[in-house]
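Here are my notes from going through this one. Have the sequence and the 3D view open while you read, and look up each spot as it comes along.

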Amino acid sequence: FLFKCWSRWRLLFSSETPALLPSKLIRPPPAQPPFCPARLPSTTWILGVLLLVCSFCSCATTTTTTTYIATTTAPHQPVWPTNRALLGRNSRVSDETIMRTRSSTRLIARAMKTATSCGPKGRKRPNRQEIESAKFNATRRQGTARIPKRRKGEMVSKDQSDNLHNAAEAESPWYRKFVPEQDGVYQNYMENEWGYPEFDDQRLFEMLILEGAQAGLSWATILKKRQGYQKAFHNFEIKKVAAMTPEDELALLNDPSIVRNKLKIKAAVKNARGSLKIIEEHGSLSKYLWSFVGGRPMVNHWGSFQEVPVKTAEAEEMSKALKKRGFSFVGPTILYAFMQACGMVLDHPVGTPQHKKVLRYLKNKKLLEKR
């Protein structure tokens with residue numbers, strides 16, 4: 001049987017007469033084209049037709065199933081390109097949206113599973129993500145919100161994403177973006193010093209020197225060297241700092257506990273001498289500096305820290321006045337940071353625990369009244 005089939009196919013697709021075939025199988029060259037259906041064996045032709053029909057049906061079924069799932073199970077989840085290069089530079093789709101939609105393939109596979117498992121009366125059963133979102137919303141109303149666990153690669157819905165963001169904001173302070181959790185010194189400074197009004201001349205002079213030393217550096221670096229500054233500059237007593245000699249300034253250049261910058265060290269001594277002149281004219285350094293904000297803290301209402309400006313008109317006015325008196329490292333940006341640290345302006349975002357705490361302190365001390 002196999003030899004017979006082989007010989008037939010050899011005759012169909014070859015115009016030469018084989019020499020090794022039996023004489024009864026030898027036929028003249030075909031008069032029709034070699035691929036004519038009429039020359040093919042009937043069984044082979046039927047099998048070929050059936051194969052084509054089956055392949056067409058399978059392709060149509062796959063396309064219909066995919067279209068049905070994409071339009072019925074997850075119509076609210078758009079399929080975005082997962083590559084920023086495909087979107088272009090000017091695309092308004094954020095990187096966070098792209099990262100969340102990279103698991104769309106797994107989501108479709110999960111939707112296929114839930115589409116086939118329906119509850120009574122054709123009602124679709126809720127998936128794990130919907131159950132967790134419902135539990136989260138219920139516990140949030142009761143004041144015991146918790147962040148639900150998610151599987152690796154699982155996409156978060158928009159409502160659940162907003163809930164997670166609000167819960168994370170409620171648990172962590174607003175300054176967590178630039179204050180590490182393990183930095184206890186910086187965190188204690190933001191909770192108990194930053195934004196609280198300061199009226200002592202010695203403390204105001206200290207913050208003025210430290211803010212000037214921060215130029216070009218981070219505030220975390222200055223806080224770590226704060227004790228070194230207090231020791232090097234006589235605990236910021238204005239008269240003692242003003243009496244420092246050039247030899248003392250050179251000695252401080254070899255002190256690793258402070259920022260060893262020659263200009264900043266000279267500026268500290270020069271600013272101390274200028275502060276003494278202000279005290280002689282106005283009675284106190286505090287009274288002079290607070291006069292630029294009307295003698296009381298300015299309460300701002302920023303929605304987030306990104307809205308806070310780096311300088312204001314009051315800071316520019318103070319900068320011009322101090323520069324005329326010979327002060328150094330007193331630019332408007334440095335002085336606005338000084339005003340924030342000393343509580344001349346309240347820049348904690350509205351609604352945060354820190355803003356409420358400072359505002360309560362101001363009301364209890366009656367500091368919002370004009371002095």
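This is a predicted model: local features need pLDDT of at least 70, side-chain atom pairs count only at pLDDT 80 or more; totals for chains, interfaces and linings use all residues.

1. Side chains of opposite charge can pair when their charged atoms come close. Going by the salt-bridge rule, the count here is eight.

2. Start with glutamate 193 and arginine 226. They form a salt bridge, with the closest N and O atoms 3.2 Å apart. This pair ties together distant parts of the chain: glutamate 193 sits in the loop between helix H8 (184-192) and helix H9 (201-213), while arginine 226 belongs to helix H11 (residues 226-232), and the two are 33 residues apart. Are they buried or exposed? Glutamate 193 has 24% relative accessibility, so it counts as partly exposed. Arginine 226 has 14%, and because buried means under 20%, it falls in that class.

3. Arginine 226 has another partner to look at. Its side chain also meets that of glutamate 206 in a salt bridge, at 3.1 Å from N to O. Again the link is between distant parts of the chain, with arginine 226 in helix H11 and glutamate 206 in helix H9, 20 residues apart. Both arginine 226 and glutamate 206 are buried.

4. Now try glutamate 237 and lysine 240, whose salt bridge has its closest N and O atoms 3.5 Å apart. Glutamate 237 is partly exposed at 31% relative accessible area, and lysine 240, at 44%, is partly exposed too. Stepping back to the salt bridges that share partners, they join Glu193, Glu198, Arg203, Glu206 and Arg226 into one network.

5. Next, have a look at helix H8. Which residues are buried in H8? They are Tyr186, Tyr189 and Met190. Look down the axis of H8 and its buried residues fall within an arc of 95 degrees, so they line one face of the helix. A handy rule for this: an α-helix has 3.6 residues a turn, so residues three or four places apart point the same way. What do the buried residues of H8 pack against? Their neighbours are H9, helix H10 (219-224), H11 and helix H17 (332-341).

6. Leucine 50 lies in helix H2 (residues 42-72). With 48% relative accessibility, leucine 50 counts as partly exposed, because exposed means over 50%.

How values were computed:
Residues are numbered from 1 along each chain as its sequence is written. Side-chain values use heavy atoms; hydrogens and water are left out. A salt bridge is a side-chain nitrogen of Lys or Arg within 4 Å of a carboxyl oxygen of Asp or Glu. Helices (H or I, at least four residues) and strands (E, at least two) are DSSP runs, numbered from the N terminus. Buried means under 20% relative accessible area, exposed over 50%, partly exposed in between (1.4 Å probe, protein chains only). The arc is that of the directions from the helix axis to the C-beta atoms. Contact means heavy atoms within 4.5 Å.
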